[in-house]
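Please look over the structure shown here. The text then takes you through a few of its parts, one at a time.

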Amino acid sequence: MGAAKRAFLYLTRKRSKSIVLFLLLLVLMILAVSAVSIGNAAKDAAANLRRTLGGYFKLEDNPEYSGKREVITDSLIECIIGTGGIKSCNRMNLEYLLVPDLTLEAGRFAAEGDEKAQLARFLGNSDSSLHEYFLLRSFDLIEGRHLKPDDRGKAIISRELAQLNGLTVGDRISAELYVENLNGDGSTAGSGYVWEIVGIFAANTVQEGGMTAECDMVNNFIFADMESMMHVQIDRNADNAGKYRQASFFAEDPEQLDAILSRVYKTAGVNWESFEFNVNDKAYQNAVAPLQRLGSYTGLFLAVILGVGIALLSLILTMWMRDRMQETGMFLSMGIKKISLIGQHMLEVLVILLLALAVSFPAADAVSNAAGNRFLEVMPREEADREEKHLEMFYEPVDLTEAYNADVVEVTVSMAEFITVSFFGVLVSLTAAGIASVFIMRLKPKDILSAMS
């Protein structure tokens, strides 16, 4: 009688033990498949974040530098982009313009009766979606679209400013150049500008109380296209033609930011000491941290499953092997070799394992997605309350660290993951069966028969 037939007869005769072994292997395989799937899903989500969210560095003047200053121009920006690894750039400028036809949210100057109460801050952007206010979710675009590099005469205003003035997307706003005299009084320089509203944003922050100037109040901020703002800048001072206050550069891979900056610093012909490079990959780091922890925990969990599986299976099979001493002694006395009996024992476990794997595949697919997101929910992360966050800034946005925390991972069980777990399942089963067989196989037939009597 061959090992396969003996294994089949034993499994069908000892149904209760077969069922217990099946349930044990089923639970272990479901846990293992889920752990591998969740870990791979976390890695995929982190990789997607690297591609879509990224990190960036911002180029601006170094206020502590006292030598001859360089200026940010298109040629300098193209020089930096040419170093490689940069997927996009946002050019930025800032101007304060008089908006006599708009009602601004009242602040300090309105209370003082000062004409500066009609000054608004205009933020020039080549791509407003890449501005830190929107990247870090200080502001959310709730209507319309963002400003793009080819826009001319387009603007984005706040929801509050739109409500105060009865404005909607498609309406127009106007502004005038304001020049402050030495005595503190101001006058218009005769230049007027018109923008079409293409978007409306909502601020997710509140400012500190007190007498804040109108131009520093976030609800009075106006984002304008870069081409129009460059014309405003030239009208104010012709020497400012082609100059930008800041530029943000976005890396294709946030983990390569240091390498990109190293290449930039090595670029000859530019006095980099006159600039500051402010690196910000916090959005990426905050988002990827729980995913990385999830991947680490699932890896540890899988190792524990394998270790516990070997120990538990070995213990159970060893206990059952003691009950098979008579069977083993008879087979040995009939001339059946020990290696054949070990093969029978391993085959018995493998048959049950195959049945457990067949059931575990769909079961793990249903369990792993819910389990993965549940684990992600309880991952420790930096907490921030968007409603209670206060804004203290001049040009820099508030840092909202919760903006890009990953809340969901899509977990599916692929055939590759199933094959991987099947391999480890076979390895665990054979190891456990081998360990259990050692107890009996080290005895001689007469020793077994003597022990039975």
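What follows covers a strand and its partners, then a helix, then a pocket.

The model is predicted. Start with strand E9, residues 222-225. Both of its faces are covered. Ile222 and Ala224 lie on one side, Phe223 and Asp225 on the other, and all four are buried. Here, buried means under 20% relative accessible area.

Now turn to the partners of E9. Strand E3, residues 119-125, pairs with E9 in the parallel sense over four bridges. Within this pairing, look for glycine 124, which stands opposite alanine 224 in E9. Strand E5, residues 154-158, runs antiparallel to E9, and three bridges join the two. Isoleucine 157 stands opposite isoleucine 222 in E9.

Next comes helix H10, residues 325-333. Its buried residues are Met325, Glu327, Thr328, Gly329, Phe331 and Leu332. In an α-helix, residues three or four places apart point the same way, because there are 3.6 residues a turn. Just after H10, glycine 335 takes a positive phi of about 95 degrees.

Finish with the largest pocket. It holds about 280 Å³ of space. Its lining has 17 residues, and the closest to the centre are Asn93, Gln233, Asn240, Tyr244 and Arg245. Which elements give two or more residues to this lining? They are strand E2 (86-98) and helix H7 (226-236). The largest share, four residues, comes from E2. By class, the lining has seven nonpolar, three polar and seven charged residues.

Note on methods:
Residues are numbered from 1 along each chain as its sequence is written. This is a predicted model: local features need pLDDT of at least 70, side-chain atom pairs count only at pLDDT 80 or more; totals for chains, interfaces and linings use all residues. Side-chain values use heavy atoms; hydrogens and water are left out. On a 1 Å grid over the protein atoms alone, a cavity is a set of points where a 1.4 Å probe fits but cannot get out, and a pocket is an open set with protein on both sides within 12 Å along at least five of seven lines; lining residues have an atom within 4 Å of a point. Grid points are joined across faces, edges and corners, and a volume is the space filled by probe spheres set on the points. Ala, Val, Leu, Ile, Met, Phe, Trp, Tyr, Cys and Pro count as nonpolar, Asp, Glu, Lys and Arg as charged, and the others, Gly among them, as polar. Buried means under 20% relative accessible area, exposed over 50%, partly exposed in between (1.4 Å probe, protein chains only). Two strands pair if DSSP finds at least two bridges between them.
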